[in-house]
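Let's take a walk through this fold together, one packing arrangement at a time. Keep the model open beside you as you read.

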Amino acid sequence: MPTFTALTTLTEKAPAAQLGLLLEQLDPAPYGIGVFEVEDGSGIWEVGAYFMDEPDSITLDLLGATVNAKPFVISEVPDKDWVAEVRRELAPVVAGRFFVYGAHDADKLPADAIGLKIEAAMAFGTGHHGTTQGCLTAIDQLHSSGFNAKNTIDVGCGTAVLAMAASHLWDGQHLASDIDTIAVETARANLKTNGLADKVEVIECAGFDHPDITERSPYDLIMANILKGPLVELAPKMADYAAPGGHVILSGILNTQAEEVIEAYAAYNLSLIDHIKIGDWSTLTLRKAAS
């Protein structure tokens with residue numbers, strides 16, 4: 001049976017979130033609703049809803065008009081096993097010593113690689129996005145340089161692939177946090193699948209806003225693959241929670257946005273030591289002064 005998508009865009013977060021709530025009240029209700037910022041630095045927010053039957057365009061546009069959204073674009077989605085389709089298209093990814101793969105490619109895991117098993121059906125962070133590849137490469141390079149991270153945290157962890165990578169390389173204490181309940185559940189499932197549930201603790205919270213995170217600070221290594229806006233806002237806390245001589249790995253940043261993020265962190269004594277570019281995306285490694 002085909003399904004239908006209805007998509008629109010807005011220029012601000014608050015009305016986008018309000019429209020998402022209005023869509024939840026439809027009868028019949030969509031079976032899925034998404035509200036997210038487009039990752040191109042434009043500040044545009046996209047609101048999408050998914051329906052089993054074709055929705056009424058007039059009703060949708062009336063809802064959208066209350067928050068000045070553009071008219072909805074309704075599309076029919078073919079009946080297809082999208083997870084299977086994605087699995088066929090997503091080849092394993094090599095980033096430094098890390099080999100990110102799905103169960104369908106388990107037989108391709110090299111004997112000398114560090115395997116990170118992430119399924120395509122799960123949350124953001126399968127390893128195929130340039131930001132995740134950049135972070136994994138930066139983590140591997142830090143370890144190869146002789147840096148010892150005894151206390152790490154993956155902020156906005158998604159699948160927890162970065163926390164998993166860190167726990168493979170360094171003994172010690174590893175935390176992961178995300179504001180999204182589904183991401184937290186996904187992260188815990190991934191850790192269990194990879195035999196790392198006893199090495200990484202996952203906490204549901206926004207940023208560093210949890211007493212356990214504060215109690216275990218400062219951190220030798222902070223990793224955050226999110227978006228430019230939140231990264232700039234978090235700069236003061238990143239500096240507070242990083243140990244003297246500690247490192248911070250940041251991504252979710254377009255190449256055109258990198259300089260703004262670098263400057264924001266330099267203001268808090270975090271200096272750039274490496275800049276990895278993969279496609280349109282940047283990964284920054286910064287170091288906090290030792291004293």
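## How the pieces pack

Helix α1 crosses α2 in a right-handed manner. The model you are looking at is a predicted one. The two helices make an angle of about 145 degrees, and their axes lie 10 Å apart. On the α1 side, the contact comes from Leu19, Leu22 and Leu23, while α2 brings Leu60, Leu63 and Gly64.

Next comes the sheet. Four strands form an open sheet in the order β2-β3-β1-β4, paired in antiparallel fashion. At its edges sit β2 and β4, each of which pairs on one side only. From one strand to the next, the twist averages 20 degrees. Strands β1 and β4 run antiparallel and are joined by five bridges. To find this pairing on your screen, look for Thr3, whose bridge partner in β4 is Val77. Helix α1 also packs on this sheet, where it touches β1, β2 and β3, and its direction makes about 10 degrees with that of β3.

| Element | Residues |
|---|---|
| α1 | 13–24 |
| α2 | 57–65 |
| β1 | 3–10 |
| β2 | 32–37 |
| β3 | 45–51 |
| β4 | 73–77 |

Now for the nonpolar interior. In soluble globular proteins, nonpolar side chains tend to be buried together. Which residues touch the most other members of the largest nonpolar core? They are Phe98, Leu116, Leu136, Ile139, Trp170, Leu221 and Ile249, out of 35 residues in that core. Several elements supply at least two residues each, including α4, α6, β7 and β11. The most comes from α5, which gives seven residues.

Our last stop is helix α9, at residues 258–266. Its buried residues are Ala258, Val261, Ile262, Ala264 and Tyr265. Viewed down the axis of α9, these buried residues fall within an arc of 160 degrees, so they line one face of the helix. What covers them includes helix α8 (228–241) and the strands β12 (242–254), β13 (270–278) and β14 (281–288).

Terms used:
Residues are numbered from 1 along each chain as its sequence is written. This is a predicted model: local features need pLDDT of at least 70, side-chain atom pairs count only at pLDDT 80 or more; totals for chains, interfaces and linings use all residues. Side-chain values use heavy atoms; hydrogens and water are left out. Buried means under 20% relative accessible area, exposed over 50%, partly exposed in between (1.4 Å probe, protein chains only). The arc is that of the directions from the helix axis to the C-beta atoms. Contact means heavy atoms within 4.5 Å. Two strands pair if DSSP finds at least two bridges between them. Axes are lines fitted to C-alpha atoms, for helices over the stretch in contact, and angles run from 0 to 180 degrees between N-to-C directions. A nonpolar core is a set of buried Ala, Val, Leu, Ile, Met, Phe, Trp, Tyr and Cys residues joined through side-chain atoms within 4.5 Å. A crossing is left-handed if the near helix is turned anticlockwise from the far one by less than a right angle, and right-handed if clockwise.
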